[in-house]
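This briefing concerns a single protein chain.

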Amino acid sequence: MVVTEVRLGPGDIDGCVVLSAAAGWNQNAADWRLMLEQGEGWGLQLRDGTLVASTLVIPYGSFAWVSMVLVLPGHRRKGHASRLLRVALAALARANLTPVLDATAAGREVYRQEGFRDAWGFKRFVVQRRAQQPESSRVRGLRETDWPWILALDRAAFGGNRGPLLRSLASRLPAAALVVEGEGFLLGRDGREATQLGPLVAASAAAAQSLFKTALAQAWGPLYLDIADHAVLPPEGLAEQRSFTRMVHGAAPAPGDRSKVFLVGGPELG
């Protein structure tokens, strides 16, 4: 079956959503639009225009996020994912950007074979029902004047500049945009299956717990929480869904300071 390599753009978003839904992932059209605006993507199409595979990269300064390595179920085990991954890696090599990604347990060994190595891990928890959490008086909504310290804290924690992405998330789900002034912030977004809370970045565990508990006190529907393995957050009412491993290509160290990362923004965003 003949497939053609294409660059992904706004006109491909419907096909991209079909790909991620077929994999049981949470991305919706707004997620794909955001990722394509912030980065670039490649796909494989059939003659009839059906998108059967995808890969995206999002640059964050000296490194870039590799994500959405997807293949439609009926077209797997044909080398499509490896082909597009190598296209992405070649593009990042030309740009002198270190590839970083968050791998599922199933994809981890595949990425190791392509030169990635483990850095640290996190787990996705699903919250359907939860006990009422006490809100913290330290927590308030994000204000425009908070952005300078938020971006400085995030750069230290994440290791790169993702200011445009964070601003987009804050405007997309304002109710989840919370801060402990000067110490930590939380953002979120709607998803196809559940609301995703994260990233949660904080200078201390106390600030992170205040943000976490206040967010859980709100009347959300189903929640996805990607909790870093090193984070100390209340586990009550959380059901583990899957694990992820942050991986870095080559010998470069993992960017940022993971001790400040409590919730990941999702494996597709970092």
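Buried means under 20% relative accessible area, exposed means over 50%, and partly exposed lies in between, with a 1.4 Å probe and protein chains only. This is a predicted model, in which local features need pLDDT of at least 70 and side-chain atom pairs count only at pLDDT 80 or more, while totals for chains, interfaces and linings use all residues. Residues are numbered from 1 along each chain as its sequence is written, and side-chain values use heavy atoms, with hydrogens and water left out.

**Overall fold**

- The chain holds seven helices and 13 strands, where helices (H or I, at least four residues) and strands (E, at least two) are DSSP runs numbered from the N terminus.
- The radius of gyration of the chain is 18 Å, which agrees with the value near 18 Å for a compact globule of 270 residues; the radius is taken over C-alpha atoms, and the globule rule is 2.2 Å times the number of residues to the power 0.38.
- Along its principal axes, the C-alpha trace spans about 60 × 35 × 35 Å.
- Of the 270 residues, 53% count as buried.
- The chain exposes about 11500 Å², of which carbon and sulfur atoms supply 51%; accessible areas come from the Shrake-Rupley method with a 1.4 Å probe, and for residues only the protein chains shown count as cover.
- Among contacts (heavy atoms within 4.5 Å) with a separation of 6 or more, 74% join residues 24 or more positions apart.

**Helix 1 and helix 2**

- Two packed helices are described by the angle between their axes and the distance between the axes.
- The axes of helix 1 (residues 13-22) and helix 2 (residues 29-38) come within 9 Å and cross at roughly 115°; axes are lines fitted to C-alpha atoms, for helices over the stretch in contact, and angles run from 0 to 180 degrees between N-to-C directions.
- From helix 1, Ile 13, Cys 16, Val 17 and Ser 20 meet Ala 29, Trp 32, Arg 33 and Leu 36 of helix 2.
- The residues of this contact divide into six nonpolar, one polar and one charged; Ala, Val, Leu, Ile, Met, Phe, Trp, Tyr, Cys and Pro count as nonpolar, Asp, Glu, Lys and Arg as charged, and the others, Gly among them, as polar.

**Backbone geometry**

- Most residues other than glycine have a negative phi, and most peptide bonds are trans.
- Met 68, in strand 4 (residues 63-71), has a positive phi near 55° and is buried, with a relative accessible area of 2%.
- Arg 77 also has a positive phi, near 65°; Arg 77 is in the loop between strand 4 and helix 3 (80-94) and is exposed, with a relative accessible area of 87%.
- The peptide bond from Gly 198 to Pro 199 is cis, with omega near 10°, and Pro 199 belongs to strand 10 (residues 195-202).

- Glu 114 lies in the loop between helix 4 (105-113) and strand 6 (116-127) and counts as buried because its relative accessible area is 18%.
- Beyond its neighbours within four places in sequence, Glu 114 is in contact with Leu 85, Arg 86, Leu 89 and His 249.
- Glu 114 and Gly 250 are 136 residues apart in sequence, with a C-alpha to C-alpha distance of 9.3 Å.
- Thr 195, in strand 10, is buried, with a relative accessible area of 15%.
- Leaving aside neighbours within four places in sequence, the contacts of Thr 195 are Leu 173, Arg 189, Trp 220, Pro 222, Leu 223 and Tyr 224.
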